[in-house]
Amino acid sequence: MEFYENRAKRPFAIFIWTGKAIARWYRINRTRRALGVLSDEHLKDIGLSRADAQAYKLDRRADEIARRY
């Protein structure tokens, strides 16, 4: 039996998953902070209202809200 036949298919999957989860959290957190500092005029320019920004900031499913826009 050769080495490539006996090794795990994805030995570092947990590290990859953890890295992706941290990157996702960082992206969402950075977006929340950026939306929080924008004025109402700037939010209007990108098609959002203050209520949308607050909902994005408070909602745990922020990435799903972001996909709608």
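**Figure 1. Overall fold: the protein has 5 helices and 0 strands.** Helices (H or I, at least four residues) and strands (E, at least two) are DSSP runs that are numbered from the N terminus, and along the sequence the pattern reads α-α-α-α-α. This is a predicted model, in which local features need pLDDT of at least 70 and side-chain atom pairs count only at pLDDT 80 or more, while totals for chains, interfaces and linings use all residues. Residues are numbered from 1 along each chain as its sequence is written, and side-chain values use heavy atoms, with hydrogens and water left out. The mean pLDDT (the predictor's confidence in each residue, from 0 to 100) is 79 for the protein, with 68% of its residues at 70 or more. Among the elements, helix α3 (residues 40-45) has the highest mean pLDDT, 92, whereas helix α5 (residues 62-68) has the lowest, 60. The accessible surface, computed by the Shrake-Rupley method with a 1.4 Å probe and, for residues, with only the protein chains shown counting as cover, comes to about 6200 Å², of which 57% belongs to carbon and sulfur atoms.

**Figure 2. The largest nonpolar core is made up of I28, L35, L43, L48, A53 and Y56, 6 residues in all.** Helices α2 and α4 (50-58) each supply at least two residues of this core. A nonpolar core is here a set of buried Ala, Val, Leu, Ile, Met, Phe, Trp, Tyr and Cys residues joined through side-chain atoms within 4.5 Å; buried means under 20% relative accessible area, exposed over 50%, and partly exposed in between (1.4 Å probe, protein chains only). In soluble globular proteins, nonpolar side chains tend to be buried together. I28 lies in helix α2 and counts as buried because its relative accessibility is 7%. I28 and K57, although 29 residues apart in sequence, are 9.1 Å apart in space, C-alpha to C-alpha. Buried residues make up 14% of the 69 residues in the protein.

Figure 3. With a relative accessible area of 27%, L38 is partly exposed. When residues up to four places away in sequence are not counted, L38 touches L43, I46 and R50, where contact means heavy atoms within 4.5 Å. The C-alpha atoms of L38 and A53 are 9.2 Å apart in space, while the two residues are 15 apart in sequence. For the protein, 31% of contacts between residues at least 6 apart in sequence join residues at least 24 apart.

**Figure 4. A salt bridge joins the side chains of D40 and R50, at 3.0 Å from N to O.** The structure holds 1 salt bridge, a term that requires a side-chain nitrogen of Lys or Arg within 4 Å of a carboxyl oxygen of Asp or Glu. The pair links distant parts of the chain, with D40 in helix α3 and R50 in helix α4, 10 residues apart. D40 is partly exposed, at a relative accessible area of 46%, and R50 is likewise partly exposed, at 29%.

**Figure 5. A nonpolar surface patch is formed by F12, I14, F15, I16 and W17, with about 630 Å² of accessible area together.** Patches are made of residues with over 30% relative accessible area and no salt bridge, like charges being joined within 9 Å and nonpolar side chains (Val, Leu, Ile, Met, Phe, Trp, Tyr) within 5 Å. F12 is placed in the loop between α1 (3-6) and α2 (13-37), and F12 counts as exposed because its relative accessibility is 54%.
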